[in-house]
Every structure is written in C-alpha cells, then in structure tokens.
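Subject: Two-chain model, handover and notes

Hello,

Please find the model below. My notes on it follow, with the cut-offs given where each term comes up.

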Amino acid sequence: MPENLKGSIGPEQQFKNYLTEGKFMIQKSKSLNEFFFHPRVAFPGTGERDLEWVEASGNGIVYSTSCNRRLPEKGGDFNISLITLQEGPRMMAKIEGVAPDQVVIGQKVKARISSLKGEPAIIFDIVEG
Amino acid sequence: MDYNDINKLKGKTAVVGLAESGCGIAKGWSAMEIMANSVHDALDDAGIKLSEVDGVFAATAFHSMAAMSLSEYLGVKPKFADGSQIGGSSFLSHILTAAMALDAGLINVAVVAYGSNQKSIGGFKTISEAMPYEAQYEPRMPVTAYALAAKRYMYEFGATREDLANVAVSARDWALLNPRAYTHNDGPLSVNDVLSARSIVDPLGKLDCCLVTDGAAAVVMTRADRAKDTKNTPIYLLGAAMEHHHRMVSEMPDLVRTSAIDSGKRAFAMSGYSPKDMNTIQLYDAFTINTLLFLEDLGFCNKGEAIDLVKNNNIGPLGNLPVNTNGGGLSCVHPGMYGLFVTIEAIRQLRNSSGDNVGDRLNRGWIPNAKLSIAHGNGGVLSSQVTNIWGVSETI
C-alpha cells in the first residue's frame with residue numbers, strides 16, 4: 001500500500017459506497033480463497049492483502065437472535081440477529097417481515113438493501129420453507 | 001518460551017489493603033471523590049502512607065486518562081502508571097501489570113482503583129464508541145450482546161430461562177447475608193420473580209441484568225517481602241492471565257465459548273492449582289448467562305453442564321459451590337465496571353478466614369477455612385477475560 005493515500009478510500013467507505021449502489025459486497029483473499037466480514041485492510045489473523053470484493057449471495061442462516069423491547073411510542077420492539085452468511089463470515093443485522101420475537105435460530109434468511117435513518121443498510125428476510 | 005515460564009510471578013506480590021466507597025448511592029459525590037476515598041481507605045487498611053505510592057492503575061467510564069487524573073487528584077507522582085481500558089475486567093489486568101512492575105522493581109507500592117457515580121447522575125454510563133457495522137441497527141448494548149449469547153446457549157444446550165434464573169436467585173441469597181449488598185434488605189427472589197420481571201432484551205429480563213449503582217473500590221499491592229510488614233493479612237497473587245478474541249459481539253467466534261477458557265487455563269497453570277481447589281469462586285456476573293458460561297469456561301464443569309451445577313441453589317449459601325458470595329453484580333453492586341469488586345470479594349473471603357475483621361455477615365456469609373479464591377473479570381461484550389488466583393501465604 002502506498003504511504004500517501006490521497007485520492008483513494010478505505011474499505012469501510014468502499015463497503016458503504018457499494019451499498020449506496022445497491023450492492024452487498026464482501027471481501028475475500030485470493031490466495032486463501034476465503035471470505036471475511038467486516039471489511040478490513042487485510043485478512044484477519046493472517047494478514048493477506050491480496051483482497052478482492054465479491055458480491056455476497058445474500059443467503060444466510062440465523063446464528064442467534066434477540067427481541068429488543070422498546071416502548072411503542074419510541075418505535076416498539078425490534079429484532080437484532082447475528083447471521084452466518086453462506087460465504088462463511090458472520091454479521092449483525094435486523095430481520096424484518098416477522099414479529100421481532102418470532103425469529104428462530106437456524107432459519108434461512110436472505111439479505112436485501114434497505115435504509116435505516118437515511119443510510120443504506122442490510123436487512124434480512126426469512127426465506128419460507 | 002512456554003507460557004508457563006511466567007510462573008515466576010506466582011506469590012511474588014500481594015494485596016495488602018482494600019476498600020470500597022460510596023457503593024449503592026453516593027449522591028453529592030463525584031466519581032473521582034469516591035475513587036480517592038477508596039484509595040485512602042485502602043492505604044489505611046494496609047498501614048501504608050500515600051507518599052509511598054509509586055504505581056497508579058485506574059480505569060473509569062468518566063475519565064479518558066484515569067490513571068493520570070487519579071494520580072493528580074491524590075498528589076502522587078507515579079514511576080509507573082497504567083490506565084488500560086478493556087472494560088470491566090480492566091482492574092484484573094491492572095493487577096497483572098502491577099505485579100509485573102512490582103516484580104521488575106519499577107515500583108514498590110501500587111494502587112489499583114475505580115470509581116463511578118453513574119446512578120446518582122442518571123443511570124448506566126459508558127464511554128464506548130458506536131461499533132461500526134453494528135450501530136446502525138441500534139442494539140441496546142451491552143444487553144443485546146448478552147441476550148444473543150443467552151439465546152444461543154439455550155439453543156445449543158436446551159437451557160431454559162429457569163436455568164438462567166437460578167443464577168439470580170442464588171446471587172440474591174448471598175446478598176441477603178451481606179449487609180454491604182445493595183439488595184440486602186430486598187428479600188429473596190424466586191425463579192418466578194425473575195421470569196416475570198419486565199423483559200429488556202429477550203431472553204433477558206430485568207432481574208437477569210446486573211444492578212445499576214454507584215461505587216468505588218481500590219486495592220493496594222506490594223512485593224511479598226514488604227507485604228509481611230503490613231497491618232493485615234496479605235493475600236498473594238498466585239496466578240493471573242488475560243485473553244480476548246473480539247470487541248464487537250458480531251465478531252465473537254463462538255457465542256457460548258469465551259476466551260475465559262484460555263485465561264483460566266493459564267492462570268491456573270501459573271498458580272499450580274485447579275478449579276477443584278478453589279474455596280470461593282468470584283465471577284463477573286453482569287448478566288445471568290455470564291455465570292453459566294464462566295463456570296464452564298473456567299473448568300468447574302463441562303460445556304453445557306452449568307445448568308445442572310446451578311440447580312437447587314447449589315451455588316447459593318446452602319449449596320456446595322460458593323459462587324459470588326457478596327451477591328455479585330446481580331445483587332450486591334455494579335457501578336458499570338465491576339471487576340475490582342470481584343477481586344475484593346475474593347480477597348475478603350480469604351482475609352476473613354485468616355482472622356482479619358473485614359466486616360460482618362449473617363451466618364454462612366463467610367466461607368470457613370477459605371485459603372484459595374478465583375476472581376474472574378469480564379469486559380466489553382463477553383470480550384476481555386482476565387483471571388486472577390488468590391491465596392493465603394501457606395498456598396504459595
């Protein structure tokens with residue numbers, strides 16, 4: 001990596017830019033052929049820097065889930081889950097389209113890009129069956 | 001070099017004084033004022049003059065440079081200071097660092113301190129920054145993280161909310177014996193009380209969560225040779241180790257296995273003792289799930305078996321395993337970062353059984369003949385894990 005970073009952007013901004021374009025992109029190391037999340041400048045733990053961005057399948061499995069209780073006048077209860085992506089890494093996200101306390105560990109979910117407070121955000125929906 | 005070579009720290013340093021200040025509610029006092037109270041009281045307990053303090057270790061949620069702010073407030077000019085902030089376990093890591101600095105001869109007398117007046121000034125106080133890739137979903141940290149771990153634990157091991165509630169019930173039973181505990185006069189809890197309390201983040205209800213109180217604490221450490229000349233019974237650091245694998249809960253490699261597996265193994269190895277040797281067990285119980293995870297990860301039972309270990313009040317005053325004998329973060333005190341209170345309870349039990357007057361408890365509140373205690377600290381969202389093993393002189 002050149003010392004002078006003028007004119008380039010880091011992986012966090014790149015990830016957000018992709019989301020703004022409607023793409024859910026994650027990084028992989030070419031030599032390891034392994035994915036990781038969240039975005040970083042090098043592969044966590046081993047430091048490979050031969051990274052490329054790949055569009056995620058959006059397929060995932062619920063690893064754990066929680067129903068966060070909140071007063072109705074403040075927006076009501078909401079879901080926070082951890083999703084294991086088909087590509088391997090795990091991420092935090094919200095599952096919508098189902099009551100926040102009705103999400104079940106092991107359920108299949110599918111990502112879509114929505115927005116939260118005006119920022120693009122990855123939201124998951126339960127995949128039927 | 002094998003990690004076990006650090007055995008040379010075993011028994012080289014001791015806590016010779018301790019104190020708490022403003023636990024519960026300290027309205028009208030600042031976090032710094034009660035922290036300084038606890039330092040002066042701990043020095044009095046040790047019989048060591050403030051002017052002898054040359055090592056200062058502190059972390060709070062109120063001071064970005066806590067060791068420096070505390071040193072200035074006390075009027076101490078430390079030769080070594082450390083304000084490492086790894087959450088509620090910081091103080092157990094400060095104790096390890098202080099032991100190294102004392103053993104290396106960099107300092108002669110260390111104080112490790114903490115203070116918080118969060119309750120008096122409006123509630124839970126944190127200086128944690130928003131976590132990238134998590135914050136936009138607005139998790140109610142830290143509760144959401146522990147709820148995710150609890151949910152996964154229930155899924156993997158068939159645990160129920162009743163199993164979690166058993167932890168809170170026993171913690172309260174200990175608090176009823178401890179006049180220092182915030183809930184000392186609140187009466188016992190039933191499993192049903194815990195289950196019917198308002199949910200914060202499912203599956204954790206209000207009584208699965210630690211208290212929100214004020215409170216400050218300090219311990220004084222010195223080398224073993226000097227410790228012999230102090231006012232009260234020195235309690236020796238036999239083992240200490242830390243490890244962490246994540247900062248954000250979404251990065252935790254396995255929600256039901258913490259890095260206490262690693263910190264515990266190395267701390268026990270340094271001490272030469274094993275879980276079955278511990279006479280008292282003090283675990284950072286920010287939430288009921290913590291106690292289950294740490295009993296397993298530190299080797300008191302196999303993975304998934306803590307739910308059986310905590311049944312029938314087995315970790316309460318009438319049980320076989322004395323866990324969180326002050327009442328814990330759930331029922332004694334929790335000013336935001338509880339680590340030093342875990343430490344103080346581990347040491348108080350040993351001092352009491354050595355004949356020191358460390359306060360009154362109701363019958364069974366003090367563990368007879370206690371010679372070895374484990375103090376385990378947790379920080380962040382099941383992130384930083386630090387284990388300390390304490391013993392009386394004959395255990396070295």
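Helices (H or I, at least four residues) and strands (E, at least two) are DSSP runs, numbered from the N terminus. This is a predicted model, in which local features need pLDDT of at least 70 and side-chain atom pairs count only at pLDDT 80 or more, while totals for chains, interfaces and linings use all residues. Residues are numbered from 1 along each chain as its sequence is written, and chains are lettered from A and ligands numbered from 1 in the order in which they are written.

Chain B overall

Chain B has 12 helices and 11 strands. Its radius of gyration is 19 Å, close to the 21 Å that the globule rule gives for 396 residues, so chain B is as compact as a globular protein of that length. The radius is taken over C-alpha atoms, and the rule is 2.2 Å times the number of residues to the power 0.38. The C-alpha trace of chain B spans about 55 × 50 × 40 Å along its principal axes.

Of the 396 residues of chain B, 62% count as buried. A residue is buried if 20 or more other C-beta atoms lie within 10 Å of its own, exposed if 12 or fewer, and partly exposed in between, with C-beta atoms placed from the backbone. Among the contacts in chain B with a separation of 6 or more, 79% are between residues 24 or more positions apart. Two residues are in contact if their C-beta atoms, placed from the backbone, lie within 7 Å.

In α2(B), residues 66-74, the buried residues are B:A66, B:A67, B:L70, B:S71 and B:L74. They cover an arc of only 130° around the axis, which puts them on the same side of α2(B); the arc is that of the directions from the helix axis to the C-beta atoms. The cover over these buried residues includes α1 (31-46), β2 (55-58), β3 (80-82) and β4 (109-116) of chain B. After α2(B) comes B:G75, with a positive phi near 80°.

Strand β4 of chain B also holds B:A113. B:A113 counts as buried because it has 29 C-beta neighbours inside 10 Å. Leaving aside neighbours within four places in sequence, B:A113 is in contact with B:M35, B:S38, B:V39, B:A58, B:L70 and B:A218.

A helix pair in chain B

Two packed helices are described by the angle between their axes and the distance between the axes. For α3 (residues 90-103) and α12 (residues 339-353) of chain B, the axes come within 6 Å and cross at roughly 65°. The contact is made by B:S90, B:F91, B:L92 and B:I95 of α3(B), and by B:G339, B:L340 and B:T343 of α12(B). These residues divide into 4 nonpolar, 3 polar and no charged. Axes are lines fitted to C-alpha atoms, for helices over the stretch in contact, and angles run from 0 to 180 degrees between N-to-C directions. Ala, Val, Leu, Ile, Met, Phe, Trp, Tyr, Cys and Pro count as nonpolar, Asp, Glu, Lys and Arg as charged, and the others, Gly among them, as polar.

Chain A

Buried residues make up 27% of its 129 residues.

Chain A is divided into domain 1 (11-55) and domain 2 (59-126), with bounds from an automatic or database domain assignment. The centres of these two domains of chain A, taken over C-alpha atoms, are 21 Å apart. Their contact takes 9 residues from domain 1 and 9 residues from domain 2 of chain A. On the domain 1 side, α1 (11-20) and β2 (34-36) of chain A each supply at least two residues, and β2(A) has the largest share, 3 residues.

Where the chains meet

In the contact between the chains, 19 residues of chain B meet 21 residues of chain A. On the side of chain B, the elements giving two or more residues are α4 (143-157) and β5 (199-202), and α4(B) gives the most, with 6 residues. By class, this side of chain B has 10 nonpolar, 4 polar and 5 charged residues.

Regards
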